[in-house]
Amino acid sequence: SKLPYNPPPRIYHATLKRVLRKASSFQSISFGRFQSSKRIRLQISCAAKPETVQKVSDIVKEQLALSADTALTAESKFSALGADSLDTVEIVMALEEKFDISVEETEAQNITTIQEAADLIEDLVQKKPTAQAS
Amino acid sequence: MVDKGPVISLCRSLLRAGHQYPDYNIREYAKRRTLEGFRMNKNLTDHSKVEEAYAEGKKQLEVVERVVKVYLAYPPRTKNIMELKLQ
């Protein structure tokens, strides 16, 4: 049995066992199992990193011309900060440019707070490398 | 009567199309002009005027998409100085 890669001899036996086990249990892996692991993955990546929230806040402050010391929380709504729908479109375009992502029309309409924007950005940035690899 | 949704979509499409220009000057102009244009007509209440503005926006979108193709055929060889980061 030839492995597609050359593992170091030390762990050869362990990886061989794992590969064989996986191959033999292939029939028993149901789509239900696969879906549940996917669900768990989504839950872990729910909250956005603080740096992302900070970057989004900086862009929002710049676009809406707010003073540097206005306190922006993650839950601040764009409309509460004085942004109308056109300002929101501009903010989303600036975020697309900054993070090099592409936001869908339907997704963009649902962004109302800084936290939502940061979550969406993280989600898209995570999906990006896999799309480029394939 | 055109609703808010399609108007915002049109604005987004125009901004995205304008973003594709390789030339700094026209790219910035497209962004500036679309935002100015939409902001100027933000408070229109007359239905016919709204339809007129929306139709003009759609026409401009066609123009931008056509011209982008021409610009992409002859991309600039050097970066514009305004695009360079301050050092």
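The paragraphs that follow treat the salt bridges and then the cavity.

The coordinates come from a predicted model. Over all chains, the structure holds eight salt bridges. One of these pairs Lys42(B) with Asp84(A), whose side chains meet at 3.0 Å, N to O. This contact crosses between chains: Lys42(B) belongs to the loop between helix H2 (24–40) and helix H3 (47–73) of chain B, while Asp84(A) belongs to the loop between helix H3 (50–63) and helix H4 (85–99) of chain A. Lys42(B) is partly exposed, its relative accessible area being 44%. Asp84(A) is likewise partly exposed, with a value of 23%.

A second pair to examine is Asp87(A) and Arg39(B), which form a salt bridge with their closest N and O atoms 2.8 Å apart. Because Asp87(A) lies in helix H4 of chain A and Arg39(B) in helix H2 of chain B, this pair joins two chains. Is Asp87(A) buried or exposed? With a relative accessible area of 14%, Asp87(A) is buried, because the cut-off for that class is under 20%. Arg39(B), in contrast, counts as partly exposed, at 32% relative accessibility.

A further salt bridge is found within chain B, where the side chains of Lys49(B) and Asp46(B) meet at 3.9 Å, N to O. Lys49(B) is partly exposed at a relative accessible area of 44%, and Asp46(B) is partly exposed at 37%. Elsewhere, shared partners link salt bridges into one network that comprises Asp87(A), Glu90(A) and Arg39(B).

The structure holds one cavity of 30 Å³ or more, and the largest cavity contains about 30 Å³ of space. Which residues line the largest cavity? Its lining is made up of Val92(A), Leu95(A), Val103(A), Ile111(A), Ala117(A), Leu120(A) and Ile121(A). Helices H4 and H6 (114–133) of chain A each supply at least two residues of this lining. H6(A) gives the most, contributing three residues. In composition, the lining of the largest cavity has seven nonpolar residues, with no polar and no charged ones.

Note on methods
Residues are numbered from 1 along each chain as its sequence is written. Chains are lettered from A and ligands numbered from 1 in the order in which they are written. This is a predicted model: local features need pLDDT of at least 70, side-chain atom pairs count only at pLDDT 80 or more; totals for chains, interfaces and linings use all residues. Side-chain values use heavy atoms; hydrogens and water are left out. A salt bridge is a side-chain nitrogen of Lys or Arg within 4 Å of a carboxyl oxygen of Asp or Glu. Helices (H or I, at least four residues) and strands (E, at least two) are DSSP runs, numbered from the N terminus. Buried means under 20% relative accessible area, exposed over 50%, partly exposed in between (1.4 Å probe, protein chains only). On a 1 Å grid over the protein atoms alone, a cavity is a set of points where a 1.4 Å probe fits but cannot get out, and a pocket is an open set with protein on both sides within 12 Å along at least five of seven lines; lining residues have an atom within 4 Å of a point. Grid points are joined across faces, edges and corners, and a volume is the space filled by probe spheres set on the points. Ala, Val, Leu, Ile, Met, Phe, Trp, Tyr, Cys and Pro count as nonpolar, Asp, Glu, Lys and Arg as charged, and the others, Gly among them, as polar.
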